[in-house]
Amino acid sequence: MIITEKHSRILRYTHWINVVFLSLMVWSGILIYWANDAYFKIPDPIAEKLSLQYKLAEGLSWHFFIMWGFLINGLVYLAYQIFSGEWRELAPRLGTFKDAVLVTLHDLHLRKSAPPMHGKFNAAQKLAYCGVILMAFGSIVTGIAIYKPVTMGWLTALLGGYEAARLEHFILMIGFILFVIVHILQVIKAGWNNFRAMIAGYEIEKK
Amino acid sequence: MKLKKNNIDEKQLKKRLTGSILTGIIFVAVVIFGFRAIRSSERIEDTPYALRHSFEWNQKIWAKISSSKNLSVKKPRPKKGTAPRQNGDIGLQSLADSKNYSVEVISGNKSFKLPIAAFHAADKVDYSTDFRCIEGWSEEMSYAGMRFSDFMKFYDIGKKPDGSYYAYVGLETPDKEYYVSIDMESMLHPQTVLAYEMNEAPLSLANGAPLRLMIPVKYGIKNLKRIGKIFFSDTRPRDYWAERGYDWYAGF
């Protein structure tokens, strides 16, 4: 039997820990958002069912606690990427952008063949995973700007002011949700061999 | 990193997968147990133990890495007389008798009552900046009144016999229904003002007439309306929203 070691232990651990922290950040963030639903209203039946109402204090307390976990786990992941050289698997090249479009067309059944893979991720994956890392960075920066708009006033101003930073923080959260939806669909589509690699690390190449 | 391995025994792989799945189950169990443990732990001021301490740690960490000297950024002055957004009327139920209104001040052995005229007589300071509510909204507001640090200097209050500042300032509405406590550093901030005007018009009753606190380095919950009492203390005085699960510091 031939296998490939696809995801290292530290990569798998930080991935699953991030699942927990990101979920808690989104959940507590929505509790906070509900108190002033400036961009769109969460329909009452949904808010009631998910018990999102009148939980501002609870949302804030979790958000400002879990943020440390989210940040530290992200830094561990980033440090690993840098020091292991694994970042090369993610870094887009010139051709990546064009290939990403082709992969997407292929996935949508609009194109027969997919472009060849370079490394363990296809071009669309590379862009998506790089993008989500940048989004996490953006969430932290916009988060700080609305958390400390006086001591970090220069940052808040740089992002277009307090209201703008809040909107940016919110848009990034929506971006995470969209990413997760597509990510899960793709994982289902790719099947067990691929998913198992994120659990046990290996992928079977040949029986 | 992609590493190809040949001649792998299938049994060995099964074992490895089982191990990983077990680790996963333990991980999920730890997460669920941890979440529940935090949620159901002893509550301090209506916040689970760990989360309340996290509030306090955040404040300490932030104090170390940032300067509290920054001003809340100047914003264009709203049109004169624009009604400032108003939120919450706790402590404003009793009618303010503006003629005989006085503010009680207590600092150590000193205790006196000040008529509103005393605040109008002092040097007037004027700021225009964001007013930020903990609910998430913000609004540009201008306000004018007596700077709190000037007030302390003028009446020689807020310091202990040894010359050091008290750690906290407490404020209450006349009916004592609403009350806040604030760290001395934030009270000494130049933009912290005992205000009698907002948006260049006299304070409305709903916005806390005849005198309110404006402290733009804090969320709106700390900007107590209709001040009935100002006092100094080294132990943290009670705080309305901190008692209800919010971060006590609530500052930027």
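Trainee: How much accessible surface does chain A have, and what share of that surface belongs to carbon and sulfur atoms?

Mentor: The accessible surface of chain A comes to about 11000 Å², and 73% of this area belongs to carbon and sulfur atoms. Such areas are computed by the Shrake-Rupley method with a 1.4 Å probe, and for residues only the protein chains shown count as cover. The model is predicted, so that local features need pLDDT of at least 70 and side-chain atom pairs count only at pLDDT 80 or more, while totals for chains, interfaces and linings use all residues; side-chain values use heavy atoms, without hydrogens and water. Residues are numbered from 1 along each chain as its sequence is written, with chains lettered from A and ligands numbered from 1 in the order in which they are written.

Let us begin with the chain that carries this surface. Chain A has eight helices and two strands (DSSP runs of H or I with at least four residues, and of E with at least two, numbered from the N terminus). Along the sequence, the order is β-α-α-α-α-α-α-α-α-β. Its C-alpha atoms fill a box of roughly 55 × 40 × 30 Å along the principal axes. Of its 207 residues, 44% count as buried (under 20% relative accessible area; over 50% is exposed, and in between is partly exposed). Among contacts (heavy atoms within 4.5 Å) with a separation of 6 or more in chain A, 68% join residues 24 or more positions apart.

A nonpolar patch of about 1000 Å² is made by twelve named side chains, including Tyr39(A), Phe40(A), Leu167(A), Ile177(A) and Ile188(A). Patch members have over 30% relative accessible area and no salt bridge; nonpolar side chains (Val, Leu, Ile, Met, Phe, Trp, Tyr) are joined within 5 Å, and like charges within 9 Å. Ile177(A) belongs to helix α7, residues 162-190 of chain A. This residue counts as partly exposed because its relative accessible area is 32%.

Chain A has 19 positive and 13 negative side chains, and the centres of the two sets lie 8 Å apart. Lys and Arg count as positive, Asp and Glu as negative, while His and the chain ends are not counted; each charge is placed at NZ of Lys, CZ of Arg, CG of Asp or CD of Glu. Over all chains, the structure holds 21 salt bridges (a side-chain nitrogen of Lys or Arg within 4 Å of a carboxyl oxygen of Asp or Glu). In one of them, Asp44(A) meets Lys41(A) at 3.1 Å, N to O. Asp44(A) is partly exposed, since its relative accessible area is 37%. Glu5(A) belongs to a network of salt bridges with Lys5(B) and Arg16(B).

Ala91(A) is found between α3 (56-84) and α4 (94-107) of chain A. With a relative accessible area of 22%, Ala91(A) is partly exposed. Apart from residues up to four places away in sequence, Ala91(A) touches Lys126(A) and Cys130(A). Ser23(A) is 68 residues from Ala91(A) in sequence, and their C-alpha atoms are 26 Å apart in space.

Key
Buried < 20%, exposed > 50% of the residue type's maximum accessible area, 1.4 Å probe, protein only.
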